[in-house]
Amino acid sequence: MSAELPQSELPFLPFALPEIGEDEINEVVDTLRSGWVTTGPKAKRFEADFAAFLNEPQLECIAVNSATAGLHLALEAMGIGPGDEVITTTHTFTATAEVVRYLGADVVLVDIDPLTLNIDPKLVEAAITPKTRCIIPVHYAGLAVDMIAILDIARRHGLRVLEDAAHALPTTLEKELIGTMGSDATVFSFYANKTMTTGEGGMLVTRNAELAKRARVMRLHGMSRDAFDRFTATVPSWYYEIVAPGFKYNMTDIAAALGIHQLKRIGAFQARREQIAAAYNNAFADLPLILPPQAPEGDVHSWHLYVLRLSDEASIARDAFIEAMYAASIGCSVHYIPLHLQPYWRDRYGLRAEQFPHSQKAYERSISIPLYTAMTDADVQRVIAAVRRIALS
Ligand SMILES: Cc1ncc(COP(=O)(O)O)c(C=O)c1O
């Protein structure tokens, strides 16, 4: 029996879908009925729950309305500005880099390690100049960057480290959760397709009290007190001060209501993702494909993405592969079109593909296939059957 035939009669299997349960729905309804829909008690509770999840009492968790906002706030709080350089990977989403430009600083892109697809620490060190202030490693697909090497480079050169952990909940390295590795700040994303979701949202995590204080103020217009404190009986005051031209980056209680319950399920979500990844790894081992790198023994890969790469022996090209998957009613994607190919980044820094051979090669051969907890076992078998047929065609 083929799990994928007849193709035309199969419903479309999206590339990604969130899994929202009754607890999330009830909490959102409770929020709507409570009369407090913007930042308030649930956002505070979500921040506290997140700190408890990371199991670090000194950690400050600052809920924001996107990871992009969190990255921006962290760099702003570090004082990054014109004349500064920030080093990151070309193999990422533009959000990682655009925040550097918001502040008038410049982005220095470096290539990836071809095995892990994560930023190559050796290339980071080689890219350091007297203007370098910060490194932004991205835990690509949910596999931890070699943070030991990155933190060592940062310490030796007096640089800040901001982890883009948009893909990396609950990733570990040397059994430590990402977010607790000792960088200056880490930012998670709760966008709709991430390992947990608040619709849109993010969490900025830091042990640095000064950085946290600045980020909290800048999250809400540069106000010295947030709206919750202003309008509740505990601090009965209409008075606030604007200390800087801040942003509007606060997370609503409606979003936090989702986050509180999604976070409770993150262990179960990861286990299901791991199970699907293992099924794919087994089913694809004999195909002309490079399978995604695994987490080191004893560590956790969050499996935000499952990225296949066509090997030299593959007879089909990447675009044709994706078209054939769509013909089988299965959504796929490519992570990422590297920044060095994007007109804005390419033209601003005069970048050429030859400068990033590993990212370029990975891009040309990459296919991200569906991997999410809302997939049924039958969905997984359908993807396996389609990938096997297309890879062997
Ligand atoms: C690597 C990376 N960084 C940052 C972001 C931005 O996240 P958000 O959509 O929450 O702003 C994304 C989103 O897809 C991402 O993949």
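Predicted model: local features only at pLDDT ≥ 70, side-chain atom pairs only at ≥ 80, totals over all residues.
Where they touch, 40 residues of domain 1 are in contact with 36 residues of domain 2. Together the two domains bury about 3200 Å², and carbon and sulfur atoms account for 60% of that area. On the domain 1 side, D111, L143 and T195 stand out: they supply 16% of the area that domain 1 buries against domain 2, more than any other three residues.

## What holds hands across the boundary

Polar pairings turn up too, with 24 residue pairs in polar contact across the interface of domain 1 and domain 2. As for who lines the domain 1 side, α4 (94–102), β3 (106–110), β6 (172–173) and α9 (253–264) each bring at least two residues to the side that touches domain 2. Sorted by class, that side of domain 1 has 19 nonpolar, 13 polar and 8 charged residues.

Salt bridges between domain 1 and domain 2 come to a count of 1. In the model, the side chains of R348 and D106 meet in a salt bridge, at 2.8 Å from N to O.

## A buried aspartate

D184 is worth a look. You'll find D184 in the loop between β7 (176–177) and β8 (185–189). With a relative accessible area of 19%, D184 counts as buried because the cut-off is under 20%. The side chain of D184 makes a polar contact of 3.0 Å with the side chain of R160. Leaving aside residues up to four places away in sequence, D184 also touches others, including M78, L159, V161, T206 and L211.

One joins L169 and P170, with omega about 0°, and P170 lies in the loop between β5 (160–164) and β6. Another runs from H335 to Y336, again with omega near 0°; Y336 is in the loop between α11 (318–327) and α12 (343–349).

Then there are positive phi values at residues other than glycine. E174 has a phi of about 50° and belongs to the loop between β6 and β7. W303 has a phi near 55° and lies in the loop between β10 (289–290) and β11 (306–310).

Terms used: Residues numbered from 1 in each chain as written. Heavy atoms only, no water. Contact = heavy atoms within 4.5 Å. Buried area = accessible area lost by both parts, 1.4 Å probe. Salt bridge = Lys/Arg side-chain N within 4 Å of Asp/Glu carboxyl O. Polar contact = N/O pair within 3.5 Å; in protein donor to acceptor, adjacent residues only side chain to side chain. Helix = DSSP H or I, 4+ residues; strand = E, 2+ residues; numbered from the N terminus. Nonpolar A, V, L, I, M, F, W, Y, C, P; charged D, E, K, R; others polar. Buried < 20%, exposed > 50% of the residue type's maximum accessible area, 1.4 Å probe, protein only.
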